[in-house]
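I opened the model to see how the fold is put together. My notes follow the display.

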Amino acid sequence: MAQIVGGIGSSHAPTIGSAYDKGLQQDPVWAPLFSGYESARAWLDALRPDLFLIVYNDHANRFFFDAWPTLALGVGAAHTQADEGWGKRPLPDLKGDQAFGWHLARSLVDDEFDPTICQEMAVDHGVLSFLPMLAGPELAIPVVPIAVNVIQHPIPSARRLFKLGQGLRRAVETFPDDRRVVVFGTGGLTHQLHGTQFGTRNQAWDNEFMDLLESDPEQLANLPLRDYMERGGTEGVEMIMWLAMRAAMGTTVRRVHRTYTAPFTTGYGLLALAS
Amino acid sequence: MEDIVSGALLFTGERSARGYRINKMAMSFTAPESRARFKADEEAYMQAFGLTAAEKALVRQRDWKAMLDAGASIYLLLKIGACTGHALPHIGAHTAGRID
């Protein structure tokens with residue numbers, strides 16, 4: 001029997017990966033975030049997971065606007081690292097999980113989702129910026145990446161992401177073999193990368209969002225995208241991907257860990273939830 | 001659809017279509033050899049991607065705000081910036097009108 005043993009919400013940002021590569025774990029600006037990842041990793045290790053389902057977004061690295069999927073799954077045996085325009089980081093390829101990947105494809109299509117199914121999937125900082133801190137630099141735990149369009153409008157609603165998470169849970173529950181699955185929702189938190197409000201974070205909303213994600217995710221699922229963007233930036237709308245993780249966790253959750261810091265242009269959040 | 005949110009441009013399909021040439025050129029910079037070719041001869045590279053005279057001028061001038069207005073995605077602008085030595089703090093501040 002496959003089962004979901006934990007959920008992680010995490011920001012992703014090129015700066016996080018770059019700080020990790022430069023060894024800035026003890027730097028006063030970065031230490032709060034990195035020590036958060038360390039605590040979350042200790043908990044994760046104890047769960048002995050053998051599959052990560054990571055709901056994230058590609059930032060025009062694997063996909064381009066010639067053919068831009070609203071939802072895409074990586075079902076290959078491995079996932080390479082995308083070069084985002086400034087060279088690749090010193091990281092190994094990710095392992096995939098073909099058996100679960102194809103099962104997930106079938107299950108989601110049965111559930112009336114329409115994913116683009118990718119036998120080759122290069123992943124960018126949406127997956128790789130935080131993953132070495134949680135999985136270790138060898139990136140040994142297999143990943144099925146689930147890419148969501150949050151860049152080129154129309155983009156799916158928060159409610160749709162919530163339903164996607166429920167679909168992930170059904171897929172895990174119907175998988176015939178054993179897997180100990182951790183579901184990740186990544187992105188955000190608030191950030192505005194262009195325009196007159198460039199650099200603005202909304203720390204009050206970031207924290208309220210993490211509160212509600214735990215206690216009242218329905219309220220977040222009902223919130224229109226325009227509200228997300230007005231509160232958290234047009235790029236900060238990424239945070240809706242955390243809803244997929246939350247829905248996959250089922251009704252009640254127990255918070256294991258939470259970190260928040262916002263030293264640069266993006267609110268960095270980390271939330272670890274147990275069933 | 002109202003496509004401005006709190007001073008930011010909503011990257012709609014229509015905007016994406018308008019900025020397609022610039023974005024497509026920027027996407028090519030995910031290959032290191034393409035970055036090298038652009039750096040060696042920007043004009044020839046822009047010509048090969050069919051940029052209009054106006055679009056070429058914006059790239060030449062490193063006018064990030066105008067490129068954004070012309071339909072470039074912020075994520076693709078960052079790839080052009082990686083070739084020209086401009087990172088997010090500069091590009092973002094330029095689109096905000098805080099620097100020339």
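**Overall shape of chain A**

I compared the radius of gyration of chain A, taken over C-alpha atoms, with the globule rule of 2.2 Å times the number of residues to the power 0.38. A compact globule of 275 residues would come near 19 Å, and chain A has 17 Å, which agrees. The C-alpha trace of chain A spans about 50 × 40 × 40 Å along its principal axes.

I noted that this is a predicted model, where local features need pLDDT of at least 70, side-chain atom pairs count only at pLDDT 80 or more, and totals for chains, interfaces and linings use all residues. Residues are numbered from 1 along each chain as its sequence is written, and chains are lettered from A and ligands numbered from 1 in the order in which they are written.

I found 10 helices and 10 strands in chain A; these are DSSP runs numbered from the N terminus, helices being H or I of at least four residues and strands E of at least two.

I took a residue as buried if 20 or more other C-beta atoms lie within 10 Å of its own, exposed if 12 or fewer, and partly exposed in between, with C-beta atoms placed from the backbone. On that basis 54% of the 275 residues of chain A are buried.

Contact here means C-beta atoms, placed from the backbone, within 7 Å. Leaving out residues up to four places away in sequence, A244(A) touches V55(A), L161(A), F162(A), L164(A), G165(A), L168(A) and G185(A).

**Strand β10(A)**

I checked residues 268-274: 6 of the 7 residues of β10(A) are buried, so the strand is largely enclosed by the rest of the structure. Strands pair if DSSP finds at least two bridges between them. β9(A) (residues 254-261) runs antiparallel to β10(A) with 7 bridges, and a hairpin of 6 residues joins the two. Y260(A) stands opposite G269(A). On β1(A) (residues 2-10), also antiparallel to β10(A), I counted 4 bridges; G9(A) has L271(A) as its bridge partner.

**Helix α1(A)**

Which residues of α1(A) are buried? I listed P14(A), I16(A), G17(A) and Y20(A). The buried residues of α1(A) pack against α4 (125-128) and α5 (131-135) of chain A.

Note on methods
Two residues are in contact if their C-beta atoms, placed from the backbone, lie within 7 Å.
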